[in-house]
Amino acid sequence: MEVVKVIFWISLFIIFYSYLGYGILLFAIIKLRRLFGMGKAYEGNEDYQPEVTLFVSAFNEKDFLDQKVKNSMSLDYPSEKVTQIWVTDGSDDGTPDLLRKYKEVEVYHKEERAGKIAAMNRGMQFVKTPIVIFSDANTDLGKNSIKEIVRLFRNPKVGCVSGEKRIYAKDADNAAGAGEGMYWKYESQLKKWDAELYSVVGAAGELFAIRTQLWQEVERDTLLDDFMISLRVAMSGYTIQYNPEAYAIETASANVKEELKRKIRISAGGIQSVVRLRSLLNFFKYGTLSFQYISHRVLRWTLTPLLLLLIIPMNFFLAQQEGMFNFGLFSVLFWGQVLFYAAALLGWFLENRQIRLKLLFIPYYFFIMNLSVFLGFGRYLKGNQSVNWERAKRGVQAEAVA
C-alpha cells in the first residue's frame, strides 16, 4: 500500500505540475528576476525596418484568398518592403489563377500535391528577404503584426518570433469555441513568461517568423511544421520570442468532433516531434530550453495523459483502504475525480443536444485534449497520418478573443 501511495503522489504532482504547477513556478521565477532587475526587454535600433516576405502555403483556398491578400496589403508596414509569396501545390479550384490577378503576389504552383511541408521546402528558395513570416490562408492578421514581429528581431539573439493565435468567439459559443478560447488565453500567458525567462517553446503556425538564414528543410512527413521549424531555430542557439500584439485571428472549430480531429493530428505530431527532437531532452547541452521544453510540451504529450488514466485505479484502491465514504483525503480525491469526469460527460451530453452550459466546457475540453493524445499516439504508431492537412470545419466569425 505504501508503494501505491508513493506512486500516486508522484503521479498527482506531475499532473499538477504539467497543467498548473509549471505556470506557478514560471510566475515566481519571473517575479524574482524582475525584483533583481533581470530580463529587461532588448530595445535595439528603433530604425530597424528590414524587408520581409509574407509566406502562405495554400491548397484550394479560393474562399479565403481575396480576404487574405487584401488583409496582407492593409498591414501597417512599408508596402515596398513586403513581398507576398503563395505556394499553391496541388490546388485545382482556381486558387493559382485567382491569385495571379494581384500584381503584389508571387505565385508558385505545381500540379502535384505533396503536402504543406513539401510546399514550404520548395517555396523557401524564392524568399530573398532577411525575415520570412509564415501565416495561414484562412487567418486575418492584426494591422500592426509585421511591425510588432520585426521589433523583436532587433535583438540579434532572436531567431524566431511567434505571434498570437486568437479565436473568434460568439455569445452562444459551443464547447469547442469556448474551451479553445480559454485554453489559448492560458497558453498565451505561459508563452509571455517563457519568453521572459528565455525562449518560447514552439511557435503558432497561424503566425510566426524566422530569420531566413536559419531555415532548415523539414522532413516531408512532418506533422507539426511550425513546432519543428521554430524549435530547430532555438536548438541552433537563438531564442523564440512571443509578441501577442502580432496576432492572427481564425474561427474556432465548428464543434468538438472537428476540434478532436484537429487535436488528434496535433497530438500525433507532438509524439513525432518528441522523437525527432530527442536531443533537446539533454539538460547539459540545452539547459533552460530543455527545462522549458519538457515542462511545457513533453510532459503534456507523453507522461501526463498516461498518469491521468493510471491514478484512477490507484486512487480507487487507496480510497477503499481508507473507507470510500469516510471522506478522508484519498476518498475526497477519488470522488473529486468522479465529479470532474461526470461533468465532462454531462458537457458532452448537453453539447450534443445543443444545450450549452459554460461551466462544463473546461472539464469537457480538458477531457477532449487528453483523449486526443491517446488517439494521436495510436495514429502515430500506425503511421497512417497523411501529410496533407485536412482542415477542420470552422464556426462562424464573430468577436475576436485571445
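I started with S1 (residues 52–57) and S4 (131–135): four bridges join them, and the two run parallel. Strands here are DSSP runs of E of at least two residues, helices are runs of H or I of at least four, and both are numbered from the N terminus. I count two strands as paired if DSSP finds at least two bridges between them. I looked up one partner: Thr-53 has Val-132 as its bridge partner in S4.

Housekeeping: this is a predicted model, where local features need pLDDT of at least 70, side-chain atom pairs count only at pLDDT 80 or more, and totals for chains, interfaces and linings use all residues. Residues are numbered from 1 along each chain as its sequence is written, and side-chain values use heavy atoms, with hydrogens and water left out.

Next I checked what else S4 pairs with. S7 (residues 207–211) pairs with S4 over five bridges, in the antiparallel sense, and Ile-131 stands opposite Arg-211 there.

Buried means under 20% relative accessible area, with a 1.4 Å probe and protein chains only. In a regular strand, side chains alternate between the two faces of the sheet. I find both faces of S4 covered, with Ile-131, Ile-133 and Ser-135 on one side and Val-132 and Phe-134 on the other.

Then back to S1 for its link with S2 (residues 82–87): six bridges, parallel. Leu-54 stands opposite Gln-84. S2 in turn runs parallel to S3 (residues 105–108), joined by four bridges, and Ile-85 faces Glu-106 in that pairing.

I also looked at helix H5 (residues 145–152): six of its eight residues are buried, so H5 is largely enclosed by the rest of the structure. Among them are Ile-146, Ile-149 and Leu-152.

Last, the cavities. A cavity is a set of points on a 1 Å grid over the protein atoms alone where a 1.4 Å probe fits but cannot get out, and lining residues have an atom within 4 Å of a point. I get two cavities of 30 Å³ or more. S1 gives the most to its lining, with three residues. The lining includes Phe-55, Val-56, Ser-57, Phe-134 and Ser-135.

How values were computed:
On a 1 Å grid over the protein atoms alone, a cavity is a set of points where a 1.4 Å probe fits but cannot get out, and a pocket is an open set with protein on both sides within 12 Å along at least five of seven lines; lining residues have an atom within 4 Å of a point. Grid points are joined across faces, edges and corners, and a volume is the space filled by probe spheres set on the points. Buried means under 20% relative accessible area, exposed over 50%, partly exposed in between (1.4 Å probe, protein chains only).
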